[in-house]
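Please look over the fold below.

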Amino acid sequence: MPDIVVVFHSGYGHTQRMAQAVAQGAGARLLAIDAEGNLPAGGWEQLEAADAIIFGSPTYMGSVSWQFKKFADASSRPWYAQAWKDKIAAGFTNSAGMSGDKQGTLLTLFTLAMQHGMIWVSQGLMPSNTRAAKRDDSNYLVSYSGAMAQSPSDAGADAMSAGDLETARLFGERVAQIAARFKG
Ligand SMILES: Cc1cc2nc3c(=O)[nH]c(=O)nc-3n(C[C@H](O)[C@H](O)[C@H](O)COP(=O)(O)O)c2cc1C
């Protein structure tokens, strides 16, 4: 079994719920970036030991939260040692808008993974984009670069779309399958 860590920030719980679905699918450990942008004790060591790292952030102003960015900047330390090179990487985000510029966040996560020399895994699901499409279908938001979820701005994390959460779970499952292949 590959060792997979989902490292994420969530301001108000929505991205956390998504992270839980990703982790469930991947059989991964959750590592939360706190409100100050810091990891818990032992967090960096967990990341260094992992075969795969899945990055998650809410979309704030079209990109990652400042707490996630603080974590990303702090990852320059493992970058110097090339400690994450050739690990499997993937990313997910959640925001209030159907688009809301979520792609901007995924591109930031992708760029972080590329800077570390990691190997990026796509969403890998067919889109739900026909007239028959329903909001609770998998990949209703039609993302290819990573997993996306949308939560209404006036609703709590308990109101998230079942389809988006299933999309997140399937995404985690895919990352685990790819990580297992690379582990040999
Ligand atoms: C500072 C801030 C900026 C936001 N910017 C965006 C945005 O650019 N696009 C969007 O669709 N939603 C935006 N939102 C809404 C959040 O993405 C949405 O509430 C999300 O569910 C929050 O996730 P969280 O509960 O994990 O923090 C923003 C929210 C905040 C607080």
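## Size and basis

The protein has 184 residues, for which a compact globule would have a radius of gyration near 16 Å; its value is 15 Å, which agrees. That radius is taken over C-alpha atoms, and the globule rule is 2.2 Å times the number of residues to the power 0.38. Along the principal axes, the C-alpha atoms fill a box of roughly 50 × 35 × 25 Å.

This is a predicted model: local features need pLDDT of at least 70, side-chain atom pairs count only at pLDDT 80 or more, and totals for chains, interfaces and linings use all residues. Residues are numbered from 1 along each chain as its sequence is written, and side-chain values use heavy atoms, with hydrogens and water left out.

## Fold and surface

The protein has 6 helices and 6 strands. Both are DSSP runs, numbered from the N terminus: helices are H or I with at least four residues, strands are E with at least two. The order from the N terminus is β-α-β-α-β-α-α-β-α-β-β-α.

Of the 184 residues, 48% count as buried. Buried means under 20% relative accessible area, exposed means over 50%, and partly exposed lies in between (1.4 Å probe, protein chains only). Take contacts between residues at least 6 apart in sequence: 76% of them join residues at least 24 apart. Contact means heavy atoms within 4.5 Å.

The protein exposes about 8800 Å², and carbon and sulfur atoms supply 53% of it. Areas come from the Shrake-Rupley method with a 1.4 Å probe; for residues, only the protein chains shown count as cover. There are 15 positive and 16 negative charges, and their mean positions are 5 Å apart. Lys and Arg count as positive, Asp and Glu as negative; His and the chain ends are not counted. Each charge is placed at NZ of Lys, CZ of Arg, CG of Asp or CD of Glu.

## The buried side of α3

Helix α3 spans residues 66–74, and Gln67, Phe68, Phe71 and Ala72 are buried there. These residues cover an arc of only 145° around the axis, so they sit on the same side of α3. The arc is that of the directions from the helix axis to the C-beta atoms.

What covers them? The cover includes the strands β1 (4–9), β2 (29–33) and β3 (52–58). It also includes the helices α2 (43–49), α4 (76–80) and α5 (102–115).

## The loop between β5 and β6

Pro127 is in the loop between β5 (119–120) and β6 (147–150). Its relative accessibility is 21%, so Pro127 counts as partly exposed. Beyond residues up to four places away in sequence, Pro127 touches Asn139, Val142 and Tyr144. Pro58 is 69 residues from Pro127 along the chain, and their C-alpha atoms are separated by 22 Å.

Asn139 is also found in the loop between β5 and β6. Is Asn139 buried or exposed? Asn139 is buried, with a relative accessible area of 3%. Asn139 is not a glycine, yet has a positive phi of about 50°.

## Two aspartates in loops

Asp101 lies in the loop between β4 (88–95) and α5. Asp101 has a positive phi of about 70°, although it is not a glycine. At 51% relative accessibility, Asp101 counts as exposed.

Asp51 is in the loop between α2 and β3. Asp51 is partly exposed, with a relative accessible area of 23%. Leaving aside neighbours within four places in sequence, Asp51 is in contact with Pro2, Asp3, Lys87, Ile88 and Lys183. Met1 is 50 residues from Asp51 along the chain, and their C-alpha atoms are separated by 9.6 Å.
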